[in-house]
Amino acid sequence: MLGSAWSVAHTTHFGMTDPGKLRAINEDAFLADGRLGLFIVADGVGGRPFGGLAAGEAVSVLWERIWHETKARGASMPGQNASWVGSEAIVKIEGVVRTAMQDASQKLRAMAKVDGRYAGMCTTASVVLVAGEVAVVGQVGDSRVYHARGPEIRQVTEDHTLLNLRIKQGFALPEHTRGRRSPITRALGLADELEVDIYAVPVARGDRLLLCSDGLHEYFDREKVLRRLFQLDIQAAAPAAVRHARRRGGRDNITALFVEILGPG
């Protein structure tokens, strides 16, 4: 029950990014702001110019837009007198995340129009905004968000790739496509109009989230790998995830950002 305000849950987090074993430059970027309950992983799209710039700029715009919205709408920070999140507030938060991602995409498009060197630069983005007992997830591209509660782990987001589209249409089988790369069908900066997937995920004390780039999740071919990572201490999980990806080949940039829900604000 609230008007325009929402509460921010208590969280703890730890993230790590690594260029991998084959890339000279790391074009991934991530951000974790526990006071806002905001967590982001972005991966500059390979094969296009200035992927690292695109990822970094997108993260910066996303943080700025969402921070301004929390100030304008009166979001309560941990430790303050916070309201519980109701359905009306969740819809508003979903709108904040969607609009921020669209703004970030338009910023990249505008940069390309001013300077032709930036033409075609784009990035994936997985955004999590934890508000009370809900994590609002915004998704564009093939970075991912996972949610773990006890032994149960599920992939929250859907990959926006040509291969995944063919699987959904019945032209390919998931078991025949493991480890195969595929072109991105959606990314920030890719087109003038941006469709953003939005998910509202109920969260409780002890739940964990993982935001990661495809340089990590391409090596999640066995469920026990994810389960082992989620069972580790929060500060040990991200380094262990990076080591796992590097051991398996590390052919792309690797980013892992783990978040644990400690309780409501």
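Mentor: Two strands pair if DSSP finds at least two bridges between them, and the strands themselves are DSSP runs of E, at least two residues long, while helices are runs of H or I with at least four residues, numbered from the N terminus. This is a predicted model, in which local features need pLDDT of at least 70 and side-chain atom pairs count only at pLDDT 80 or more, whereas totals for chains, interfaces and linings use all residues. Residues are numbered from 1 along each chain as its sequence is written, and side-chain values use heavy atoms, with hydrogens and water left out.

Trainee: What is the order of the five strands in the open sheet?

Mentor: The order is β2-β3-β4-β5-β8, and the pairing is antiparallel. β2 (28–33) and β8 (197–202) each have a single partner strand, so they stand at the edges, with one side of each left without a neighbour in the sheet.

Trainee: How do you know that β3 and β4 count as paired?

Mentor: The definition asks for at least two bridges, and seven bridges join β3 (residues 38–44) to β4 (residues 123–131), which run antiparallel, so the pair qualifies. Within this pairing, V127 of β4 is the bridge partner of I40.

Trainee: Why is D207 called buried?

Mentor: Buried means under 20% relative accessible area, exposed means over 50%, and partly exposed lies in between, with a 1.4 Å probe and protein chains only. D207, in the loop between β8 and β9 (208–212), has 2% relative accessibility and therefore counts as buried.

Trainee: What makes the pairing of the D207 and H147 side chains a polar contact?

Mentor: A polar contact is a pair of N or O atoms within 3.5 Å; within protein, one must be able to donate a hydrogen and the other to accept it, and residues adjacent in sequence count only if both atoms are side-chain atoms. The side chains of D207 and H147 are joined by such a contact of 2.9 Å, and those of D207 and R149 by one of 2.7 Å.

Trainee: Why is β9 described as largely enclosed by the rest of the structure?

Mentor: Five of the five residues of β9 are buried, so the description applies. R208, L210 and C212 point one way from β9, while L209 and L211 point the other way.

Trainee: Which strands does β9 pair with?

Mentor: Five bridges join β9 to β6 (residues 144–149), antiparallel, and five join β9 to β10 (residues 254–263), also antiparallel. Y146 stands opposite L210 of β9, and R208 has E260 in β10 as its bridge partner.
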